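I am keeping these notes while going through the coordinates, one topic at a time.

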Amino acid sequence: MFDLRIGRRRAAWLTLVAALILVVTIARAAAVEQTPAAPTPGPSMRLTSTGVYTDAQAARGEALYADTCQRCHGKSLEGDPSKNAGSLAGADFLKARTGQDLGRLYRYLIERMPDDDPGTLTPQTAADVIAYILKFNAFPSGKDELPADAGRLKLVVIGTSDHRKSGSRALR
Ligand code: HEC
């Protein structure tokens with residue numbers, strides 16, 4: 001009689017354990033199914049296609065561009081081969097820059113531009129002019145400004161989810 005009770009308890013435990021294993025197995029299978037096929041960037045990474053600057057910031061950048069950059073890079077950011085100043089908009093620019101983070105562009109501007117007077121952009125004006133360049137390249141605006149901070153700009157990558165899916169990489 002004693003033995004029989006133990007036996008029933010054991011059977012009940014075994015049933016419970018079997019049921020738990022089944023539940024865990026089903027949950028795992030469901031989780032695997034939900035995992036997206038394309039790799040997703042880290043939680044803090046963002047693409048420039050997701051609205052990473054504001055219209056007000058791009059407007060400030062546009063004013064600075066007209067005063068400080070346009071004479072070499074052109075009214076439509078088309079560049080000027082006679083001055084060796086590259087285009088800042090369109091297919092060639094995007095091809096070269098897609099996959100790069102904005103920290104790199106920011107540092108370049110802070111250290112090198114304007115070409116005839118480098119070191120005169122402030123962190124804020126450099127971030128603003130990047131906002132204008134993004135806008136001109138048809139990336140959408142959003143509700144937060146681009147930060148005037150190289151470390152945080154490193155987390156923003158030039159491109160769209162399309163380029164990520166197709167697996168393109170930065171060209172340099
Ligand atoms: C006096 C002319 C001049 C002015 C003004 C000037 N640039 Fe440039 N810019 C150049 C030249 C020349 C290069 C190429 C430098 C090199 O390759 O070493 C260049 C390169 C660049 C590049 C890299 C282009 C590429 O092909 O990747 C960017 C971005 C840029 N400039 C942005 C700016 C911005 C923004 C301003 C205004 C704040 C500015 N530049 C003002 C002449 C100028």
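**Helix α5.** I looked up which residues of α5 are buried, and found L102, L105, Y106 and L109. These four lie on the same side of α5, because the arc they cover around the axis is only 100°. As for what covers the buried residues of α5, I noted α6, α7 (150–153) and β2 among the elements involved.

**Nonpolar core.** Next I asked which members of the largest nonpolar core touch the most other members. Among its 28 residues, they are Y106, V129, I130 and A131. I traced the core back to its elements and found that α2 (55–68), α5 (102–112), α6 (123–136) and β2 (156–157) each supply at least two residues, while α6 has the largest share, with 8 residues.

**Ligand shell.** I then turned to the ligand, which is surrounded by 18 residues, the closest being C69, C72, G86, P114 and D115. Sorted by class, the shell has 10 nonpolar, 4 polar and 4 charged residues. Which element gives the most to this shell? I found that helix α3 (residues 70–73) does, with 3 residues.

**Whole chain.** For the overall layout I counted 8 helices and 2 strands, in the order α-β-α-α-α-α-α-α-β-α from the N terminus on. Of the 172 residues, 21% count as buried. Considering contacts between residues at least 6 apart in sequence, I noted that 73% join residues at least 24 apart.

**Confidence.** Last, I looked at how far the prediction can be read residue by residue. The mean pLDDT of the chain is 86, with 81% of the residues reaching 70 or more. Over residues 166–172, however, pLDDT stays under 50, and for this stretch the model has 8 contacts beyond four places in sequence.

Definitions and conventions. Residues are numbered from 1 along each chain as its sequence is written. This is a predicted model: local features need pLDDT of at least 70, side-chain atom pairs count only at pLDDT 80 or more; totals for chains, interfaces and linings use all residues. A residue is near a molecule or strand if its C-beta atom, placed from the backbone, lies within 6 Å of it. Ala, Val, Leu, Ile, Met, Phe, Trp, Tyr, Cys and Pro count as nonpolar, Asp, Glu, Lys and Arg as charged, and the others, Gly among them, as polar. A nonpolar core is a set of buried Ala, Val, Leu, Ile, Met, Phe, Trp, Tyr and Cys residues joined through C-beta atoms within 7 Å. A residue is buried if 20 or more other C-beta atoms lie within 10 Å of its own, exposed if 12 or fewer, and partly exposed in between; C-beta atoms are placed from the backbone. pLDDT is the predictor's confidence in each residue, from 0 to 100. Two residues are in contact if their C-beta atoms, placed from the backbone, lie within 7 Å. The arc is that of the directions from the helix axis to the C-beta atoms.
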